[in-house]
Amino acid sequence: MKILKKISTVLLLSCAVACPADAAKVVDEYGRDGLTSDMALIYAGASHRPDWTKEQLLPYVTHEYADGRRTWFFDSFLFMEFAAGNVAFGNGYNKVGLKSDWEWLLGEMFADGYKLHALDELIGDMKKTLGEPPMRHKVVISCCAPCKKDGKWQDIGWGELDGENIDFSKRSHRLKAVKWYVDRIVESFENAAFENIDLIGVYWVEESLWSNSDIIASLNSYIRTKGLKSYWIPYYPNNEQYKFEWSNTYHFDMAYQQPNYFFCNNNNPDDLPPYSQLEQACIDSKKYGLGLELEFETSGSSNGLNEYSPAFHQRLVDYLNVFDEQGVFEESCVAYYTGTKGIIDMAESSDPVNHATMDRIAATVEKRHAAISAGIDDVVADVRIPFAYAGRGEIFITAAAPDACVYTMDGVRVHSGAGRFACAAGAYVVSDGHGETVKLIVK
């Protein structure tokens with residue numbers, strides 16, 4: 001499939017109206033791009049990342065609920081990398097990247113049997129069992145960014161273009177380099193001739209614009225000449241002069257704000273952002289037309305696996321609660337930062353709390369896709385979020401079912417109330433006490 005180039009005249013006109021070079025424009029509407037709904041971030045390239053085979057991508061493309069039902073999951077994917085070893089693909093890492101490094105990263109993204117190719121093949125495989133997805137799958141690919149050396153722009157020996165040595169001390173040379181990389185992305189995608197994914201945009205990998213702000217607007221205009229959109233995900237603190245000007249000054253087509261609520265500060269597990277920061281991120285995003293990023297990871301000092309840290313797992317649940325309360329899931333595009341392989345770790349976990357949370361996320365995404373397929377702003381889809389889950393040697397009942405009772409298959413009640421309890425392997429029937437039941441198989 002060729003690159004998706006059908007950006008409507010209405011969208012182009014609306015962007016032109018919303019992009020004057022003046023103060024941040026208050027729109028009081030969450031960000032939507034008309035092409036994506038729920039976009040998973042896929043970090044690919046560095047040695048500690050997954051190879052991204054079909055097997056590793058499976059829990060991102062589809063979700064298996066506690067009852068065994070499998071559905072389509074994320075509709076879009078951002079393939080990106082910011083650093084690999086001693087090489088940086090954007091400022092802020094005290095490293096630089098040369099032309100050969102940029103070419104290496106592009107080769108990684110398009111490696112046969114992995115990453116983009118694996119995604120395309122996996123979707124084709126899953127269509128045979130799940131049928132056509134509610135939305136055609138889209139991809140966004142990150143653009144490498146010129147890097148300063150020793151804190152200043154200088155000639156780092158990046159490489160040549162059209163016989164000319166590219167000197168990053170010159171703005172025109174930095175712009176030429178990134179335009180060349182956009183051309184390479186487009187060329188590589190067209191040559192791949194994918195059948196099940198469309199390229200819709202290019203992502204700017206730097207989360208603030210303090211270094212390359214002078215080339216962003218021109219680059220984004222160039223991206224649009226390719227029939228693509230420009231994407232950006234700025235971080236939360238001390239970034240207002242850039243993130244709230246994402247459209248007016250810098251002319252991105254779509255930007256998502258990071259609430260940065262999930263992570264501890266300075267790698268100190270006791271130094272955590274307040275709940276109010278998550279709420280304020282939603283308020284600010286709606287005010288200035290940004291989408292939102294849902295964030296968690298399953299490694300390091302902020303590990304969201306419930307068996308590792310129930311407190312950090314609760315912070316993930318906080319995102320879901322606040323996004324529900326603030327209308328994010330009804331009105332906004334959402335990007336999902338899950339660390340290096342958060343969805344894989346959640347899927348492989350034996351903790352039923354993790355599966356309960358993932359079922360909730362998947363059911364929310366399924367409902368959002370049903371609304372888009374129906375062509376309306378909101379819809380009550382027939383998507384039920386289970387209230388009980390089976391683990392290894394245990395059953396977990398969510399707080400939403402405080403009156404639940406668990407029965408053996410011959411009708412003997414063995415447990416009442418919410419929470420988790422140990423039990424022998426076998427089949428059980430769980431009632432929520434109000435007419436809903438679910439059958440669970442404990443291993």
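The side chain of serine 349 makes a polar contact with the side chain of glutamate 307 at 3.0 Å; a polar contact is a pair of N or O atoms within 3.5 Å, where within protein one must be able to donate a hydrogen and the other to accept it, and residues adjacent in sequence count only if both atoms are side-chain atoms. This is a predicted model, in which local features need pLDDT of at least 70 and side-chain atom pairs count only at pLDDT 80 or more, while totals for chains, interfaces and linings use all residues. Residues are numbered from 1 along each chain as its sequence is written, and side-chain values use heavy atoms, with hydrogens and water left out.

| Polar atom from | Partner | Distance |
|---|---|---|
| Serine 349 side chain | Glutamate 307 side chain | 3.0 Å |

Serine 349 sits in the loop between α11 (342-348) and α12; helices (H or I, at least four residues) and strands (E, at least two) are DSSP runs, numbered from the N terminus. Serine 349 is buried, with a relative accessible area of 9% (buried means under 20%, with a 1.4 Å probe and protein chains only).

Helix α12 (residues 352-374) lies across β15, β16 and β19. These 3 strands form an open antiparallel sheet in the order β15-β16-β19, two strands being paired if DSSP finds at least two bridges between them. β15 (388-391) and β19 (419-422) are at the edges with a single partner strand each, so one side of each has no neighbour in the sheet. β15 pairs with β16 (residues 394-397) over 4 bridges, and tyrosine 389 stands opposite phenylalanine 396 in β16.

Note on methods:
Contact means heavy atoms within 4.5 Å. Axes are lines fitted to C-alpha atoms, for helices over the stretch in contact, and angles run from 0 to 180 degrees between N-to-C directions. Buried means under 20% relative accessible area, exposed over 50%, partly exposed in between (1.4 Å probe, protein chains only).
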